[in-house]
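Here is a short briefing to read alongside the structure. Please keep the 3D view open as you go through the points.

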Amino acid sequence: MKTQIKLILLSGILTFLACEKEEDLMTGTASSLNEEIITTEPDTSQKEKKMISARSVSVTTEADLRAAVSSANPGDVITINGTIYLTRTLELARSGTSSSKINITGGVLNCANQPSGSWGVKVNGSYWNITNMTIRNAPDCGIVFQHGGHNYVYNVTTSYNGDSGLQIYNGGHDNYVRQCYSNDNYDSQNGGENADGYACKLSAGRNNVFENCTAHHNSDDGWDLYGQPYTVTIRNCTASNNGYGSNGDGNGFKLGSAGQSVPHTVTGNTAKDNMAWGYDGNGNTGHITITGSGGSGNGKGLFTRIY
């Protein structure tokens, strides 16, 4: 009888210990699963977000181009293949970021079918890379930068537009225009009085830079900084054969206007065979810094009104 009692007690103790061990094991397993889920889910989500945030798209029609531009996100690459005829101004209104710009590159934008007075491309957004393309035949300016900033423009050609090839104004700031070409822009309705190769004038913002750019055979000036309130930097650029319009001023580099005192910086540039002056301060009494710049063959001479 005592032996049976001992066996019953021993059996009860072993059962209790087994249950306790099983409970601990289950608790530990559940804890481990929870930790794994918490660790892996955010990582997967972040990867998916990165994959969604940037895309590459090639476009061959105006409709596809407008759709890509209107939905562009930081890091996107929009490639234009061939020639696209625009029927109205193309607006780049969205913005990238300082570490992830929106990219649009390649192709030809022919703006001949746009309504009278239209710009070819209007850039109101910030942090765009605009590269390796041609913009031509716009009724007004080829491409205009305003409001936004921190845009990079490389190897863009603006030709045969009805006003300036590339213009920055209305607060456009921190734009870097490099190795671009602007030629044969002519405003026929004004006898060529307004169409410059590059215009950074009237109301553009701070820190706009032109480097290694070329302006030739434009009806007014190569570069026009008329009324520009903030310093513009122009370096290693060439202006030639500008001013062929009957009312064009014909300066290689027009560096301000009367009543201004803005210290523009002009370094390593060349002005040749322009109808009027190579470099004209145009009444700007600011200390315009011109270093390493020269030229030849300008109709009225090389330098005038440089203070």
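Welcome to this predicted model, a chain with two helices and 26 strands. Of its 307 residues, 45% count as buried.

**The chain as a whole**

- The accessible surface comes to about 14500 Å², and carbon and sulfur atoms account for 53% of that area.
- Taking contacts between residues at least 6 apart in sequence, 65% join residues that are at least 24 apart.
- The structure holds 10 salt bridges, and several of them come up again below.

**The nine-stranded sheet**

- Nine strands form an open sheet with parallel pairing, and their order is S4-S7-S9-S11-S14-S17-S20-S23-S26.
- At the edges are strand S4 (90-92) and strand S26 (301-304), each of which pairs on one side only.

**Helix H2**

- Which residues of helix H2 (residues 62-70) are buried? They are Glu62, Leu65, Arg66, Ala68 and Val69.

**Around Asp196**

- Asp196 belongs to the loop between strand S13 (181-183) and strand S14 (198-200).
- Is Asp196 buried or exposed? Asp196 counts as buried, because its relative accessibility is 0%, where the cut-off for buried is under 20%.
- The side chain of Asp196 reaches the backbone nitrogen of Asp221 at 3.0 Å.
- Beyond its neighbours within four places in sequence, the contacts of Asp196 include Ser164, Gly165, Ser182 and Asn185.
- Also among the contacts of Asp196 are Lys201, Asn218, Asp220, Asp221, Gly222 and Asp224.

**Salt bridges**

- Lys201 and Asp224 form a salt bridge, with their closest N and O atoms 3.7 Å apart.
- This pair links distant parts of the chain, 23 residues apart: Lys201 is in the loop between S14 and strand S15 (208-211), while Asp224 is in strand S17.
- Both partners are buried: Lys201 has a relative accessible area of 11%, and Asp224 has a relative accessibility of 3%.
- A second salt bridge joins Asp249 and Lys254, whose closest N and O atoms are 2.6 Å apart.
- In this pair Asp249 is partly exposed, at 38% relative accessibility, whereas Lys254 is buried, at 5%.
- How far apart are N and O where the side chains of Asp280 and Arg305 meet in a salt bridge? The N to O distance is 2.9 Å.
- Asp280 lies in strand S23 and Arg305 in the segment after S26, so their pair ties together parts that are 25 residues apart in sequence.
- Asp280 is buried, with a relative accessible area of 3%, while Arg305 is partly exposed, at 39% relative accessibility.
- Through shared partners, salt bridges join Asp196, Lys201, Asp221, Asp224, Asp249 and Lys254 into one network.

- Asn170 is not a glycine, yet its phi is positive, at about 55°.
- Asn170 sits in the loop between strand S11 (166-168) and strand S12 (176-178), and it is partly exposed, with a relative accessible area of 31%.
- His217 likewise has a positive phi, near 55°, and is a residue other than glycine.
- The loop that holds His217 runs between strand S16 (214-216) and strand S17 (223-224).
- His217 is partly exposed too, with a relative accessible area of 34%.

Key
Residues are numbered from 1 along each chain as its sequence is written. This is a predicted model: local features need pLDDT of at least 70, side-chain atom pairs count only at pLDDT 80 or more; totals for chains, interfaces and linings use all residues. Side-chain values use heavy atoms; hydrogens and water are left out. Helices (H or I, at least four residues) and strands (E, at least two) are DSSP runs, numbered from the N terminus. Buried means under 20% relative accessible area, exposed over 50%, partly exposed in between (1.4 Å probe, protein chains only). Two strands pair if DSSP finds at least two bridges between them. A polar contact is a pair of N or O atoms within 3.5 Å; within protein, one must be able to donate a hydrogen and the other to accept it, and residues adjacent in sequence count only if both atoms are side-chain atoms. Contact means heavy atoms within 4.5 Å. Accessible areas come from the Shrake-Rupley method with a 1.4 Å probe; for residues, only the protein chains shown count as cover. A salt bridge is a side-chain nitrogen of Lys or Arg within 4 Å of a carboxyl oxygen of Asp or Glu.
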